[in-house]
Amino acid sequence: MQLAPPNLTAKSTHYASKPSIFPAGQMLPFMLTTLIFFVWGMSNNLTDILVQQFRKSFELSLLQAQLVQTAVFLAYGTLAIPGALIMRRFGYKAGLLIGLIVFGTGTLLFWPAAILGQYTPFLIALFIVGSGSSILETAANPLVARFGDPDSAERRLNFSQAFNPPGAIVGAFTGTLFIFSGIEKTPVQVAAMKAEGSYAAYVHGEILRVVPTFVALGLFVLLLALLIGLTRFPVIRDSQIDIDIAEIQPTEKWHTVLARLVRNPRLMFAVVAQFFYVGSQIASWSTLIPYMRTYTAVTEKAAGYFLTGSLVAMALGRAVCTWLMRYIAPGKLIGIYAVINFALLCVGISRPGMVGSYAIVITSFFMSGMYPTIFALGVHGLGEDTKLGGSLLVMGISGGALFPPLMGWIARLTGSVAWGYALPALGYVVVALYAITVSRGRSNTVQHTGEIA
C-alpha cells in the first residue's frame, strides 16, 4: 500500500528521522530483485570491453566500434514503454521474468554470432540483451522504490543500485581477464600475417574469446529467472485502494496516462537529466580504454584494469553517497557531484595522458548516486502512474546509445579522442541544472505546505 508522506514542519526533521529502507517480511523477493542490479551492471560494463575487442577483431574505427553501445541502449528507447504496459497489465514480477528471459536469450546468441564471425549478428544479439535490460529496469527500479515506505525510496533505490557497481567491477574484470588475450599485433605484424594468410584465423580466435563469458552470464540469468518465478512476490499497488490481485486492472487507457505524464514538467526534466547523465556515464567508460591507448603507453589489458578501477571508485562512491543522503538532500548532493565531474573532465580534456586518465577514472566516484536519485525523484508522487512514468525515465537511458558514437565522431572531426569528453562534460552541466531545479522545488514545497514533494 502506498503511504502518504508525513506532515513535517521543518526540512531538518525529515533528514533527522529516517524510516527503514527495508520492506518488512519481504526480504527474499527484495534481495532477488536487488540481485538483478548486479547482473545488468556486469553486462553493461562487459560492453565497454567489447568496444575495444571488436575494434581490434573487426578492424573498426572508434565511431564504428561504439555502435556496440548504440545497439544496447537503443533498446531502452524502444522497449521501455512496452515493458511498462506488460507490467501495467500483469504486474512487476511478470516484467522481471520477461526481462530476464529476453536478456538471457540475447547473451546466448553470442555463440552463433561468433561462429559466423561477423559484426552485425553481435549487434543484433546486443540489441536483444538491451531489450531485456530495458524491461528489467522498467520493472526493478519502480518496484524497489515502492517496496516500502515512500519516504525512504531514494535511499532504498540507492541501496539496491549499490549492487550495480560490484556487478560492473566483475564484468570489467572478467572481460579484461578472459576476453582480452593480451596479444596486440603491430601494423607490421598484421601486414605480414595477412600476406601469409594467417591473420583471418587469428582474428576469428579473438572473436571466439567473447563466447564463454557471455554464455555463462546467460545461463546464470536464466537460473535467476527460475528462482524469481518460484518466489512469492507481494502485490505492489499503484493506488491506495486495497483490492485483490485478480481485480487489479488499469483504470485508464495507457495513452491517456502517457499524455498526462509528458505534461508533467518535473518528470520530463528528470527524463532529460537521465538521458544526459547515462549518455555521459556510458561514453566516459567506453572511451576510457581508447583514450589511454592513444595518450599513454599502457597495454590493452592494463587499460582494462583502469576501467575496473573506475568501477571500484563508483562502488565506493555509492556507499558514501547513500550515507551522505542521511544528512544532505539527494538533489543537492548530485548537483555538487555534477559540478565536480565537470571540472574533472575539463582536466581530462586539457591534460591528455596519465593525469587526464586519473581524472576520468575519479569521475566514477561522483557518478555514483546520480541515476537512482534522478529516478526516485522523478517517480516520486506519481501514484498509479508510476509504471509508465518509470518507463519514460528508463527511455532516458537511451542517451547511452547516442553519446558514445558522437564521441567517436568528435574524435574523428577534431583528431583528438580527448576532445570527445567535452560531450559528457556538457551532460553534467544538464544534471547540475536539474539538481538545482529539483532542490529548489522541494525546498519551496516544504516551506509552503510542510510536506516533502
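**Exercise 1. Which residues does glutamine 52 touch, not counting residues up to four places away in sequence?**

Solution. The structure is a predicted model.

Step 1: locate the residue. Glutamine 52 lies in helix α2, which spans residues 27-57.

Step 2: list the contacts. With residues up to four places away in sequence left out, glutamine 52 touches Phe180, Ile289, Pro290 and Glu300.

Step 3: classify the exposure. The relative accessibility of glutamine 52 is 8%. Buried means under 20%, so glutamine 52 counts as buried.

**Exercise 2. Determine whether threonine 34 is buried or exposed, and identify its side-chain polar contact.**

Solution. 

Step 1: locate the residue. Threonine 34 is likewise placed in helix α2.

Step 2: apply the cut-off for burial. The limit is under 20% relative accessible area; threonine 34 has 1% relative accessibility and therefore counts as buried.

Step 3: find the contacts. Once neighbours within four places in sequence are set aside, threonine 34 is in contact with Ser160 and Phe163.

Step 4: The side chain of threonine 34 pairs with the side chain of serine 160 in a polar contact of 3.0 Å.

**Exercise 3. Describe how helix α4 packs against helix α20, and characterise the residues of the contact.**

Solution. 

Step 1: Helix α4 covers residues 67-90 and helix α20 residues 399-414; their axes are 6 Å apart, at an angle of about 160°.

Step 2: name the orientation. Angles over 145 degrees count as roughly antiparallel, so α4 and α20 are roughly antiparallel to each other.

Step 3: state the handedness. The crossing of α4 and α20 is left-handed.

Step 4: assign the residues. On the α4 side, the contact is made by Gln69, Thr70, Phe73 and Leu74; α20 contributes Gly400, Ala401, Pro404 and Pro405.

Step 5: sort them by class. The contact of α4 with α20 comprises 5 nonpolar and 3 polar residues, with no charged ones.

**Exercise 4. Determine the orientation of α4 relative to α7 and the make-up of their contact by class.**

Solution. 

Step 1: Helix α7 runs over residues 119-145, and its axis comes within 6 Å of the α4 axis, crossing at roughly 40°.

Step 2: name the orientation. Only angles under 35 degrees count as roughly parallel, and roughly perpendicular covers 65 to 115; α4 is therefore oblique to α7.

Step 3: state the handedness. α4 passes α7 in a right-handed crossing.

Step 4: sort the residues. The contact of α4 with α7 has 17 nonpolar, 7 polar and 1 charged residues.

Notes
Residues numbered from 1 in each chain as written. Predicted model: local features only at pLDDT ≥ 70, side-chain atom pairs only at ≥ 80, totals over all residues. Heavy atoms only, no water. Helix = DSSP H or I, 4+ residues; strand = E, 2+ residues; numbered from the N terminus. Buried < 20%, exposed > 50% of the residue type's maximum accessible area, 1.4 Å probe, protein only. Polar contact = N/O pair within 3.5 Å; in protein donor to acceptor, adjacent residues only side chain to side chain. Contact = heavy atoms within 4.5 Å. Axes fitted to C-alpha atoms, helices over the stretch in contact; angles between N-to-C directions. Left-handed = near helix turned anticlockwise from the far one by under 90°. Nonpolar A, V, L, I, M, F, W, Y, C, P; charged D, E, K, R; others polar.
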